[in-house]
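Please look through the sequence and the model shown here before reading on. The paragraphs that follow treat the contacts with DNA and then the meeting of the protein chains.

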2 protein chains.
Amino acid sequence: MTAQDIRAWKIGQLAAETGLTVRALHHYDHLGLVQPSARTDSGYRLYAESDVERLYRVLALRQLGLPLDAIGRVLDGQTSIEELLDAHREYLDRQLVALRTLRAQVAIVAAAGRTGEAASVTHFLELIRKVITVDDTIKQYFSEEQLAQLAERRATLGEPAIAEVQAAWPRLIAAVQAAVDAGVDPASAQAQELAAEWMGLLQQFHGGDEGLRGSLYRMYAENAEQIEAQHGGPSPAVMDFIKAANAARN
Amino acid sequence: MTAQDIRAWKIGQLAAETGLTVRALHHYDHLGLVQPSARTDSGYRLYAESDVERLYRVLALRQLGLPLDAIGRVLDGQTSIEELLDAHREYLDRQLVALRTLRAQVAIVAAAGRTGEAASVTHFLELIRKVITVDDTIKQYFSEEQLAQLAERRATLGEPAIAEVQAAWPRLIAAVQAAVDAGVDPASAQAQELAAEWMGLLQQFHGGDEGLRGSLYRMYAENAEQIEAQHGGPSPAVMDFIKAANAARN
DNA sequence: CTTGACTCTGACGTTACGTCAGGGTTTACG
DNA sequence: CGTAAACCCTGACGTAACGTCAGAGTCAAG
């Protein structure tokens, strides 16, 4: 290297420096993402400082999970970073929602396997179908934003609070059922207390949001039998009791 | 179809019934995952009931995000579902951790774009590198299980509690710095109160877990300057003050 | 008998490279 | 100065799960 030579990297050097493979650099060259600004007479790639700089920019953006073609468009000024990042964040949000539900579903099925609930492959498949049906049903009634909203609410409340609410429902439903069986008057103080707890648990779910409340009610109304039979939901008698108690309050 | 014909589906019928495309069924056939047990003379695929049954099993497992080859191994009895689901759950957990950090990083950078903090592309890239460096550093000191543990703690506490702790740190650091500047005696009641709050915030992070505490301390010790300069961490004087206060307590 | 709907078998494209294969180039060492 | 090791080159196939033609045969209805 003589004195007038500007700094240049052969592909192996650059690969070692960046932690990439030579193949990856070939790939970027092929895509036109990072192309060496010179070659030796024998065809060896020579990366100049500006090329290396561009490569490091690519690597930074790649770390955020952006696709290479999008990175190329940003570096060539065809797209603004702001736009790209916003779109990417939304994309990741959707991925996150999907991945979370998937992992929850797999966890349910795997757990059933360990407790011996699902003995045969057939049992597993039935459970899987059930779990998926639930998800499909929910997706029918709640929009994407609403699901994100619910996820946010869960994160805000924290897991213990969620678990508490989930444990409270069967208890409360059983208590109301007992009150119905005992012929308790929906206008009585006892019934009012049950109804208040009921509305409180519902409140925990929708947080006062009209949209969430409406979607939940519609989902329940149109799937009441399923929910009662398969998921321990309230019977029509229980629902009527709560409605009557609420009506009596006013 | 004569009386002795058993039920059979042509590929288009089966596709319409399952919501798949013909191409997907071709693909499954090619992989040996679901192969029609008969063909017409002219080579049309004829799926028998057993084939359709197998296809529905494939679809159920596919809904859980399992790769087709793994599904094939399960249906052929080469792997147990339990094993596969457990492995898959762990895989999804890892994906979730990665996706969550990624989305957090992108959110940070995108937010900086909206607040005008990052004006030029260069600023963006600097911020990205900073965010990624933080993540890399954390990954050096915390094992995968520890990170999962931390994620669980965050979920347990809920977002508001986390936000509170994060907001409390700069306040407390400033308060301690003020005490140092004012020459407050580390043994004094005021210092003891600050130290108690300090240890309380730390407790919020590690929850009493020795491993987390140790990892955090090591990370701080080996990156104190970075943390102070780049992330508003405590100065050595502040740290000494807290140490002295803790020593005085005993 | 013709036309439209259906089916067949390749084969390429997608994403970001990994992994050879076959063949030149450079460099260090004896 | 010769040679072997190390390095570089250009294809080209493989990955996951299909989507999307292309070109050609088959079937059912009018």
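How many nonpolar, polar and charged residues does the surface near DNA strand C have? By class, that surface has seven nonpolar, six polar and six charged residues, where Ala, Val, Leu, Ile, Met, Phe, Trp, Tyr, Cys and Pro count as nonpolar, Asp, Glu, Lys and Arg as charged, and the others, Gly among them, as polar.

The model is predicted, so that local features need pLDDT of at least 70 and side-chain atom pairs count only at pLDDT 80 or more, while totals for chains, interfaces and linings use all residues. Residues are numbered from 1 along each chain as its sequence is written, chains are lettered from A and ligands numbered from 1 in the order in which they are written, and side-chain values use heavy atoms, with hydrogens and water left out.

Around DNA strand C there are 19 residues, of which A:Thr21, A:Arg23, B:Gly12, B:His26 and B:Arg45 come nearest; a residue is near a strand if one of its heavy atoms lies within 4 Å of it. Of the atoms of DNA strand C that come within 4 Å of the protein, sugar and phosphate account for 70%. At least two residues of this surface are supplied by each of α2 (22-31) of chain A, α1 (11-18) of chain B and α2 (22-31) of chain B. Helices here are DSSP runs (H or I, at least four residues), numbered from the N terminus. With four residues, α2(A) gives the most to the surface near DNA strand C.

Individual atoms can also be followed at DNA strand C. At the bases, an N or O atom in the side chain of A:Tyr44 is 2.9 Å from a base nitrogen of DNA strand C.

DNA strand D likewise has its own surroundings. Of the 19 residues around DNA strand D, A:Gly12, A:Arg45, B:Thr21, B:Arg23 and B:Tyr28 come nearest. Sugar or phosphate holds 71% of the atoms of DNA strand D within 4 Å of the protein, and the rest belong to bases. A polar side-chain atom of B:Arg23 lies 2.8 Å from a base oxygen of DNA strand D, and one of B:Tyr44 lies 2.9 Å from a base nitrogen. The most residues near DNA strand D, four, come from α2(B).

The text now turns to the two protein chains. In chain B, 40 residues are in contact (heavy atoms within 4.5 Å) with 40 residues of chain A. About 3,900 Å² is buried between the chains, and carbon and sulfur atoms give 72% of it; buried area is the accessible area (1.4 Å probe) that two parts lose on being put together, summed over both. The count between chain B and chain A is four salt bridges, each a side-chain nitrogen of Lys or Arg within 4 Å of a carboxyl oxygen of Asp or Glu. A:Asp86 forms a salt bridge with B:Arg114, with the closest N and O atoms 2.6 Å apart. On the side of chain B that touches chain A, the largest share, 20 residues, comes from α5(B).

Finally, a rotation of 180° with 0.0 Å of shift along its axis superposes chain B on chain A (RMSD 0.1 Å), by least squares on the C-alpha atoms of residues with pLDDT of at least 70 in both. The two copies are therefore related as by a two-fold rotation axis. Because 100% of the interface residues of chain B are also interface residues in chain A, the copies meet through the same surface.

Methods
Polar contact = N/O pair within 3.5 Å; in protein donor to acceptor, adjacent residues only side chain to side chain.
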